[in-house]
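Hi,

Here is the structure I promised to send over. Have a look through it first, and then read my notes below.

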Amino acid sequence: MKKLIIAGGRPLRGSVQMSGAKNSAIALIPAALLADSPVTLENLPRLSDVAIYAEILEELGAKVDWVGDKMTIDPTNLQPKPMPNGHVNKIRASYYLMGVLLGRFGEAVVGMPGGCNFEPRPIDQHIKGFEALGAEVRNEQGCIHLKAKELRGAKIYLDVVSVGATINIMLAASRAKGVTIIENAAKEPEIIDVATLLSSMGVKIKGAGTETIRIEGAEELRGCRHSIIPDRIQAGTYMIIAAATRGDITIENVIPKHLEAVTAKLQEMGVHVYEMDESIRVVGQPTYESVDVKALVYPGFPADLQSPMTSLMTQARGTSIMTDHVFNNRFKHVPELQRMGAKIRVEGRTAIVEGSQLNAARVRATDLRAGASLVVAALTVPTGLTEITGVEYIDRGYDHLVENLQRLGAEVWREEE
Ligand SMILES: CC(=O)N[C@H]1[C@@H](OP(=O)(O)OP(=O)(O)OC[C@H]2O[C@@H](n3ccc(=O)[nH]c3=O)[C@H](O)[C@@H]2O)O[C@H](CO)[C@@H](O)[C@@H]1O
Ligand SMILES: C=C(OP(=O)(O)O)C(=O)O
């Protein structure tokens, strides 16, 4: 097991290149299985979730060729093999196998997803979608069994706006007969990325990025090439790091529009943010004003930046407020930040954060973004070494994190626990 050691207190300066988005990559990789010939994905991030997905695909009989940031997936010999446990329990996005295998073979057996279990994360809306398309769904001892004689397009209204359910229904509907309409769909950029790939494969799909998505399934889908969108959550984390360390970081290979909510909140605090065509420069300042942030579905402030932003709030004067409107109780980072001297109180879905100087401590990342929040916090600590365990969570979502931070001037390294 690895841990991260960070000697903070240095302003981080320079430029950092963003990889492709995790939450796109881990939907696009299974989506490739819907095609009848090879799909090549470009701008793929080097992340443990991606490596695990590559192994899942190989277990299912697909051929995977991953070199640098390109992965070619040949689904020609794909088998409808049951996947009750193993790798599927390690990552969240294994739930996309349900939609893909159901679409491709009319049946699937997939164990419950893993990933960051900061709170119970139901998949009832995914199931509701599959049932509407004509599948029979059984949950047997934590394993989902799906079967359909024929998948038929349907109108599906999602009771909650869900990224995973929207994408999963899009995947299954791509191979269904007729037209599927998803109402109250999620609008995240990753959903548009999935729609772009499906459309290159031959699916007629309209409305991705709005609350109504129309999908006309096709019997045969062709292989294609697709370049994954930049990771807006990694980019937002580096924006927050630039502010927290009073540094000056240019984040390259981003779509600034995807980060508007983050830019607006940083500017409200007094951080200087400059948007260019495909990059964003963030220049930290000596003092910041407190802010109120609501983590929301896109285009609101991203829920995955709730915890890193909470760490930045400790650097502002006075009392800041962070309310999470997406998850009920995603606050496992708070007790760890408190160990570092943070003055944070959680009331329901809200964290109330008093500005304070943080100190070095031994802390544990309990999930991916909790880990990111500890990295942000540790980089602000002026003396001593902060030790962060649970690095395997951070490796789920940050491509070359240590190397990137070192290049920006941070004193950070990995050690064996
Ligand atoms: C692999 C992936 O893309 N993960 C992202 C995805 O997770 P994920 O797809 O799990 O998140 P959802 O958008 O589905 O969840 C949003 C909310 O809806 C609830 N819900 C969801 C589905 C369902 O069937 N029933 C239900 O009640 C969840 O408990 C949560 O409160 O979107 C989240 C919200 O932006 C991000 O934090 C995750 O990084
Ligand atoms: C919660 C996250 O990921 P996952 O849904 O894959 O667990 C995340 O990316 O912050």
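The C-alpha centres of domain 1 and domain 2 are 30 Å apart. In the domain assignment of the protein chain, domain 1 covers 2–18 + 230–416 and domain 2 covers 22–227. Their contact involves 19 residues from domain 1 and 14 residues from domain 2. On the side of domain 1 that touches domain 2, the residues split into nine charged, five polar and five nonpolar.

Keep in mind that this is a predicted model. The protein chain has an average pLDDT of 97, and 100% of the residues score at least 70. For the model, ipTM is 0.99 and pTM is 0.97.

Now the ligands. Ligand 1 has 20 residues around it, and the ones that come nearest are Asn23, Gln125, Ser162, Val163 and Gly164. Three helices each put at least two residues into the shell around ligand 1: H1 (22–31), H4 (124–132) and H5 (163–173). Domain 1 and domain 2 each contribute at least three residues to the shell around ligand 1.

The residues around ligand 2 are Arg92, Ala93, Gly115, Cys116, Asp304, Leu368, Arg369 and Gly397. Three of the residues in the shell around ligand 2 are nonpolar, two are polar and three are charged.

Strand E8 (residues 143–147) pairs in the antiparallel sense with strand E6 (residues 107–111), over five bridges. Val109 is the residue opposite His145 in E8. Strand E7 (residues 136–140) also pairs with E8 in the antiparallel sense, with five bridges, and Asn139 has Ile144 in E8 as its bridge partner. In a regular strand, side chains alternate between the two faces of the sheet. In E8, Ile144 and Leu146 make up the covered face, while Cys143, His145 and Lys147 are on the uncovered one.

E7 and E8 form a hairpin with two residues between them. Gln141, in that turn, has a positive phi of about 50 degrees. Is Gln141 buried or exposed? With 7 other C-beta atoms within 10 Å, Gln141 counts as exposed, since the cut-off for that is 12 or fewer.

Some other loop residues I noted:

- Asn43 is not a glycine, yet its phi is positive, at about 60 degrees. Asn43 lies in the loop between strand E3 (39–42) and helix H2 (48–59), and it is partly exposed, with 19 other C-beta atoms within 10 Å.
- A cis peptide bond, with omega about 10 degrees, joins Tyr298 and Pro299. Pro299 is in the loop between strand E17 (292–296) and strand E18 (301–302).
- His87 is in the loop between strand E5 (70–74) and helix H3 (96–105). His87 is partly exposed, with 19 other C-beta atoms within 10 Å. Apart from its neighbours within four places in sequence, His87 is in contact with Ile52, Glu55 and Ile56. From His87 to Val273 is 186 residues in sequence and 40 Å in space, C-alpha to C-alpha.

Cheers

Conventions. Residues are numbered from 1 along each chain as its sequence is written. Chains are lettered from A and ligands numbered from 1 in the order in which they are written. This is a predicted model: local features need pLDDT of at least 70, side-chain atom pairs count only at pLDDT 80 or more; totals for chains, interfaces and linings use all residues. A residue is near a molecule or strand if its C-beta atom, placed from the backbone, lies within 6 Å of it. Helices (H or I, at least four residues) and strands (E, at least two) are DSSP runs, numbered from the N terminus. Domain bounds come from an automatic or database domain assignment. A residue is buried if 20 or more other C-beta atoms lie within 10 Å of its own, exposed if 12 or fewer, and partly exposed in between; C-beta atoms are placed from the backbone. Two strands pair if DSSP finds at least two bridges between them. Two residues are in contact if their C-beta atoms, placed from the backbone, lie within 7 Å. Ala, Val, Leu, Ile, Met, Phe, Trp, Tyr, Cys and Pro count as nonpolar, Asp, Glu, Lys and Arg as charged, and the others, Gly among them, as polar. pLDDT is the predictor's confidence in each residue, from 0 to 100.
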